[in-house]
Amino acid sequence: GSNTVQCINYTRADGTGVVAAAGGNKYLWALPTATNSDREDGQGGWTSLSMEDSASNSFWGSFIVPSDFASLTTVYCVVSTPSAGNINARFFAHNAGDGESKDAQTDAISADTYALGSETIDFIDVTASSDGLTLAPGDALSYKCLRQGAQADDTINDKMHAIGYYLIYA
């Protein structure tokens, strides 16, 4: 959909409205959280985690579903690599409200290959990993990327830098 600017209702001193508009997409960002033996590094000025080649490495990004949440638009896993090629990865999503089991709701995307550029910031659309979740304001929401670097179709042959998760909602 199209992006619009979200505005607040402004009122003049005499009580007449100036702007009465709302809508558009809203955005959240989550920095990567390490699992396994990943380490923090910097990729061209970006905070990132290094995910080594020829191993299974994973990272998480977590959000609290905001109070103005109505629907999920898109979720991206944001990464970068020193060389172009494919990564083999699987993506997971977990969602739970206060007092619920930490695995109250889970979903995943099966392992697949994703083409990445050399020294670029790449946005991998992982929205489908949320298809089975019912999100509500205040819920805890986490996404996990599992890179399976030892798979033959993971052709990067170099580390991958995990930069974060980018969530767009209405």
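The model holds one cavity of 30 Å³ or more, where a cavity is a set of points on a 1 Å grid over the protein atoms alone at which a 1.4 Å probe fits but cannot get out. About 30 Å³ of space lies in the largest cavity, a volume being the space filled by probe spheres set on the points, which are joined across faces, edges and corners. Its lining, made of residues with an atom within 4 Å of a point, consists of Leu-28, Phe-63, Ile-64, Val-65, Pro-66, Phe-69, Leu-135, Leu-141 and Leu-167. These lining residues divide into nine nonpolar, no polar and no charged, with Ala, Val, Leu, Ile, Met, Phe, Trp, Tyr, Cys and Pro counted as nonpolar, Asp, Glu, Lys and Arg as charged, and the others, Gly among them, as polar.

This is a predicted model, in which local features need pLDDT of at least 70 and side-chain atom pairs count only at pLDDT 80 or more, while totals for chains, interfaces and linings use all residues. Residues are numbered from 1 along each chain as its sequence is written, and side-chain values use heavy atoms, with hydrogens and water left out.

Side chains of opposite charge can pair when their charged atoms come close. Three salt bridges are counted, each being a side-chain nitrogen of Lys or Arg within 4 Å of a carboxyl oxygen of Asp or Glu.

| Salt bridge | Closest N to O distance |
|---|---|
| Arg-147 and Asp-53 | 3.2 Å |
| Lys-102 and Asp-103 | 3.1 Å |

Asp-53, Arg-147 and Asp-154 are linked in a network of salt bridges. Arg-147 pairs with Asp-53; because Arg-147 lies in strand E12 (residues 140-148) and Asp-53 in the loop between strand E6 (46-51) and strand E7 (56-64), this pair ties together parts that are 94 residues apart in sequence. Strands (E, at least two residues) are DSSP runs, numbered from the N terminus. Arg-147 has a relative accessible area of 0%, and both Asp-154 and Arg-147 are buried, whereas Lys-102 is exposed at 66% and Asp-103 is partly exposed at 38%. Here buried means under 20% relative accessible area, exposed over 50%, and partly exposed in between (1.4 Å probe, protein chains only).

The protein chain averages a pLDDT of 85, and 80% of the residues score at least 70, pLDDT being the predictor's confidence in each residue, from 0 to 100. Over residues 3-10 pLDDT stays under 50. Where pLDDT is low, the predicted coordinates should not be read in detail.

Conventions:
Helices (H or I, at least four residues) and strands (E, at least two) are DSSP runs, numbered from the N terminus. Contact means heavy atoms within 4.5 Å. On a 1 Å grid over the protein atoms alone, a cavity is a set of points where a 1.4 Å probe fits but cannot get out, and a pocket is an open set with protein on both sides within 12 Å along at least five of seven lines; lining residues have an atom within 4 Å of a point.
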